[in-house]
Amino acid sequence: VAWYNLGIAYSTVELYEKAIDAFDYSIAIDPSFTPAFFSKAQCYEQMEMYIEAISVYKQTFELEKPDAMTNYYIGDCYASMEKYETAIEFYRKSISLERHFSDAWMGIGLCYIEMDQHIEALSHIEQAIKLESDNAEYYIVLAETQLALDKQDDAALAYEKASELEPYHAEIWLDYSDFYADVKKDYIKALEILEDGLYYQGENSSLTYRRVAYLYEAGRHKEA
């Protein structure tokens, strides 16, 4: 446990190689201590050494029954390597073990997006939202997928929902306003959305800068 906690401390300050050494000592003392394997694998992920991470995750299957979270992490590793079909296989294994695992449903959706299969992506994203309806990031992904399928009205509702859930998230207001500016060419509506965002984040320079661009595009040069 002492070596394990030392590894956690090293990983917290992003000294991943030292962390892995500490986890290895922990494993050497107790080869059945699965938390050390998980943490070691996550260090490899942080270092973008995905093959090594997958190998360590799979070692845990020899110590205990495969669980939803481990299969999900393996899926993430394959997705990071752009091996999307294999990633989907592991996300599906995760769901088979825990039907209500929303991140795994979203993981499948994101893989399908990367594979330009937006219809398949949409059904999985919608399922993720059914399971975790208060996740603003999910609604942003939903909106982008709906736009890819030319479902503009649905996308507008998804952006609106995201902004309601996380009004202090600047990127949401930028994406939401950008939808009206770039897709709808409605700079008045885009400006209204930015005004709403600035109500919550009045000191956010990125929102103010974007407002300048929309004022200019709307022909309101003096205000810009």
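Predicted model: local features only at pLDDT ≥ 70, side-chain atom pairs only at ≥ 80, totals over all residues.
## Helix 3 against helix 4

Start with helix 3 (34-46) and helix 4 (residues 50-59). Their axes come within 8 Å and cross at roughly 165°. Angles over 145 degrees count as roughly antiparallel, so helix 3 and helix 4 are roughly antiparallel to each other. The crossing of helix 3 past helix 4 is left-handed.

Which residues of helix 3 and helix 4 meet? Helix 3 brings Phe 37, Phe 38, Lys 40, Ala 41, Gln 42, Tyr 44 and Glu 45. Helix 4 brings Tyr 50, Glu 52, Ala 53, Val 56, Tyr 57 and Gln 59. By class, this contact of helix 3 with helix 4 has eight nonpolar, two polar and three charged residues.

## The buried face of helix 4

Five names make up the buried set of helix 4: Tyr 50, Ala 53, Ile 54, Val 56 and Tyr 57. Look down the axis of helix 4, and its buried residues fall within an arc of 165°, so they line one face of the helix.

What covers the buried residues of helix 4? The cover includes helix 3 and helix 5.

## Helix 10 against helix 11

Helix 10 (152-165) packs with helix 11 (residues 170-183) at an angle of about 155°. The two axes are 9 Å apart. Helix 10 and helix 11 are therefore roughly antiparallel to each other. Helix 10 passes helix 11 in a left-handed crossing.

On the helix 10 side, the residues that meet helix 11 are Gln 152, Ala 155, Ala 156, Tyr 159, Glu 160, Ala 162 and Ser 163. On the helix 11 side they are Ile 172, Trp 173, Asp 175, Tyr 176, Phe 179, Tyr 180 and Val 183. Sorted by class, the contact of helix 10 with helix 11 has 10 nonpolar, two polar and two charged residues.

## Two loop residues with positive phi

Most residues other than glycine have a negative phi. Glu 82 is not a glycine, yet its phi is positive, near 65°. Glu 82 lies in the loop between helix 5 (68-80) and helix 6 (84-97). Is Glu 82 buried or exposed? Glu 82 counts as exposed, because its relative accessibility is 58% and the cut-off for exposed is over 50%.

Asp 150 has a positive phi too, about 60°, and is not a glycine. Asp 150 lies in the loop between helix 9 (136-148) and helix 10. At 59% relative accessibility, Asp 150 counts as exposed.

Key
Residues numbered from 1 in each chain as written. Heavy atoms only, no water. Helix = DSSP H or I, 4+ residues; strand = E, 2+ residues; numbered from the N terminus. Buried < 20%, exposed > 50% of the residue type's maximum accessible area, 1.4 Å probe, protein only. Axes fitted to C-alpha atoms, helices over the stretch in contact; angles between N-to-C directions. Parallel < 35°, antiparallel > 145°, perpendicular 65-115°, else oblique. Left-handed = near helix turned anticlockwise from the far one by under 90°. Contact = heavy atoms within 4.5 Å. Nonpolar A, V, L, I, M, F, W, Y, C, P; charged D, E, K, R; others polar. Arc of directions from axis to C-beta.
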